[in-house]
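Hi there,

Here is the structure I promised to hand over. Have a look at it first, and then read on for what turned up.

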Amino acid sequence: MVNLNINKKKKKRQTHFNSNNKAPYMSCPSTCQHPLMSRYFMLHIFSYILCISHIQAMPGLKLLRFLSIIVLLNIAAGSTRIMASPPAVKGAYWPSWSQTFPPSVIDTSLFTHIYYAFLSPNNVTFKFEIPDSTAALLHNFATTLHRKDPPVKTLISIAGGGADPKLFARMASEAKSRKVFINSAIEVARRFGFDGLDLDWEFPKDPKEMQDLGQLFEEWRNVIQTEAKSTKKPPLLLTAAVYFSVEFLWAETYRKFPVEPMKKNLDWINVMCYDYHGSWDTTATGAQALLYDPKSNISTSYGLRSWIKAGMPPQMVVMGLPLYGRTWKLKDPNVNGIGAPAVGVGPGEEGVLTYSQVEKFNKENGATVVYDVETVSTYSYVGTSWIGYDDELSTTTKLGFAQALGLRGYFFWALSFDAGWKISTQASRAWASDE
């Protein structure tokens with residue numbers, strides 16, 4: 001990722017409060033002269049109103065949710081038209097390695113689709129070899145979630161950030177290996193009673209691999225349709241987790257996702273709108289999942305619009321949200337905004353804290369919490385420790401933006417990271433629905 005430092009001398013519009021939830025105050029120097037003001041003025045006002053309501057627990061959240069849609073319709077995409085769309089996706093990935101978060105504790109009233117993360121095929125045969133321990137996990141996952149009230153759809157997510165991308169490049173490069181992989185994936189999904197499959201290949205490294213990815217989806221959909229017809233079962237869902245932008249503009253090798261075969265053959269895409277900044281650059285703090293970045297195109301607003309501009313229908317786009325924060329160690333505790341000089345990672349393993357850990361850290365250390373209106377992100381700091389993350393407020397504002405764009409829904413990485421379903425509950429309530 002490319003880090004773009006923000007001018008430390010420029011004072012920002014921010015809402016400040018400390019971790020004991022005292023009422024915030026707004027710092028707004030010369031806001032009317034801000035270059036983004038003409039475009040985002042309504043968003044800034046709405047965000048502050050929502051912040052006051054959020055912190056002071058004022059009534060009228062239903063009205064604010066309604067206002068979020070009306071306001072954001074004016075800023076989201078100019079001429080974008082909001083049209084009737086298929087049922088919303090409220091998704092989340094479940095880390096199968098979690099020892100303390102079994103499927104039985106998942107509150108399925110907050111979700112529509114839950115992903116089992118992850119499976120990978122054999123790196124030689126490209127078939128899925130399922131040991132007994134994994135088979136038990138898969139069976140328990142699908143059975144438990146289907147029997148819950150309400151039930152949710154279950155999908156197996158293949159690959160993931162820790163998988164070898166070269167394995168999938170080899171598999172997708174030849175028709176024979178694609179066929180083996182596709183048939184094996186469908187067989188596993190049916191054997192354990194899943195509703196669909198998801199591919200999280202991070203990432204095809206060049207235009208040839210992107211072309212192979214498109215061919216893979218084409219053949220995968222054909223086999224899914226043929227299998228459903230022969231078995232008289234509903235077709236399996238087919239989705240993909242993808243980069244925040246349709247193009248890799250900042251990489252050494254330019255490439256672009258194959259939008260045409262993707263929109264033809266997938267049910268939707270899960271856009272990973274996070275990890276814009278992190279431990280790979282410890283020179284400055286960063287908002288790792290910011291909605292807007294006035295200094296660059298590395299932002300959720302840019303990424304989502306890039307997919308739509310490339311031809312992906314908005315109703316096939318699902319926005320990713322992080323349930324974790326990234327941390328830095330400040331060079332100077334008195335210089336503590338977004339883009340402040342840093343000298344290393346902060347609290348947490350490799351500079352990462354789950355949202356529940358962030359809340360605990362803030363409370364135990366009396367951290368100052370800042371909602372940054374300009375970027376629509378939250379951060380906290382105490383001493384030299386700095387954490388960038390999403391809370392209920394930034395999440396709610398992002399969801400209003402996503403609905404204004406006409407997106408299909410949202411998903412979280414990852415299920416077990418929330419604090420008592422706090423953000424998951426707020427997100428489910430905030431997503432306005434015609435159902």
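Which residues form a nonpolar patch on the surface? Leu249, Trp250 and Tyr254 do, with about 270 Å² of accessible area together. Such a patch is made of residues with over 30% relative accessible area and no salt bridge, with nonpolar side chains (Val, Leu, Ile, Met, Phe, Trp, Tyr) joined within 5 Å and like charges within 9 Å; areas come from the Shrake-Rupley method with a 1.4 Å probe, and for residues only the protein chains shown count as cover. Leu249 sits in the loop between β7 (237–242) and α7 (259–265).

A word on the background: this is a predicted model, where local features need pLDDT of at least 70 and side-chain atom pairs count only at pLDDT 80 or more, while totals for chains, interfaces and linings use all residues. Residues are numbered from 1 along each chain as its sequence is written, and side-chain values use heavy atoms, leaving out hydrogens and water.

Now the salt bridges (a side-chain nitrogen of Lys or Arg within 4 Å of a carboxyl oxygen of Asp or Glu). The whole structure has 13 of them. In one, Arg178 meets Glu219 at 2.9 Å, N to O. Arg178 lies in helix α5 (residues 175–191) and Glu219 in helix α6 (residues 207–231), so this pair ties together parts that are 41 residues apart in sequence. Helices here are DSSP runs (H or I, at least four residues), as are strands (E, at least two), numbered from the N terminus. Lys205, Asp206 and Glu209 are linked in a network of salt bridges.

Enjoy exploring!
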